[in-house]
Amino acid sequence: MSTILTTAFLLGLSNIFMTFAWYAHLKDLSAKPWIIAVLVSWGIAFFEYLIQVPANRIGFQRMDLGQLKILQEAITLTVFIPFAIYYMKQPLRLDFLWAGLCICGAVYFIFRGNLSVSQ
């Protein structure tokens, strides 16, 4: 598996943990004190970092810092939208499309000319 695909796969996994750590408490722990939400979120985020740190180290072998960050943001939006719709029961909004198009533009501009298809 290529470095970029490995990085994207690991960042995708870490983003699932991150999204739950950052937002699931709004639904699942809303009746609990905020300190409980913090402790639970930190516990979930620990697993995110166990995956995210190696993903960034692997990705940094082939990508520069800007590329790594934009890849992370594109993956974040890809994970967040289904989470918001299916888990948090938020309505699908056209704003998700516009945000996605902006991220696609960022991906294009940060990666153009710097990577060949074979990497």
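Guide: Let us begin with V40, which at 38% relative accessibility counts as partly exposed. The model in view is a predicted one.

Visitor: Is N15 buried or exposed?

Guide: N15 is part of helix 1, which covers residues 3–28. The cut-off for a buried residue is under 20% relative accessible area. Because N15 has 0% relative accessibility, the class that applies is buried.

Visitor: With which side chain does the side chain of N15 make a polar contact?

Guide: Setting aside neighbours within four places in sequence, N15 is in contact with Q72, I75, T76 and V79. A polar contact requires a pair of N or O atoms within 3.5 Å. At 2.8 Å, the side chain of N15 makes such a contact with the side chain of T76.

Visitor: Which element gives the most residues to the largest nonpolar core?

Guide: The largest nonpolar core has 11 residues in all: I4, L10, L11, I51, A55, M63, L68, L71, I75, V79 and F111. Helix 1, helix 2 and helix 3 are the elements that give two or more residues to this core. The greatest contribution, 4 residues, is that of helix 3.

Visitor: Which residues does L68 touch, if those up to four places away in sequence are not counted?

Guide: L68 is one of the members of the largest nonpolar core. With residues up to four places away in sequence left out, L68 touches T7, N56, G59, F60 and M63.

Visitor: Which helix supplies the largest share of the lining of the largest pocket?

Guide: The largest pocket holds about 280 Å³ of space. At least two lining residues come from each of helix 1, helix 2 (34–59) and helix 3 (65–87). The largest share, 7 residues, is supplied by helix 3.

Visitor: How many residues of the lining of the largest pocket are charged?

Guide: The lining has 15 residues, and M18, K69, Q72, E73 and T76 lie nearest the centre of the pocket. By class, the lining contains 7 nonpolar and 5 polar residues. The number of charged residues in the lining is 3.

Definitions and conventions: Residues are numbered from 1 along each chain as its sequence is written. This is a predicted model: local features need pLDDT of at least 70, side-chain atom pairs count only at pLDDT 80 or more; totals for chains, interfaces and linings use all residues. Side-chain values use heavy atoms; hydrogens and water are left out. Buried means under 20% relative accessible area, exposed over 50%, partly exposed in between (1.4 Å probe, protein chains only). A polar contact is a pair of N or O atoms within 3.5 Å; within protein, one must be able to donate a hydrogen and the other to accept it, and residues adjacent in sequence count only if both atoms are side-chain atoms. Contact means heavy atoms within 4.5 Å. On a 1 Å grid over the protein atoms alone, a cavity is a set of points where a 1.4 Å probe fits but cannot get out, and a pocket is an open set with protein on both sides within 12 Å along at least five of seven lines; lining residues have an atom within 4 Å of a point. Grid points are joined across faces, edges and corners, and a volume is the space filled by probe spheres set on the points. Ala, Val, Leu, Ile, Met, Phe, Trp, Tyr, Cys and Pro count as nonpolar, Asp, Glu, Lys and Arg as charged, and the others, Gly among them, as polar. A nonpolar core is a set of buried Ala, Val, Leu, Ile, Met, Phe, Trp, Tyr and Cys residues joined through side-chain atoms within 4.5 Å.
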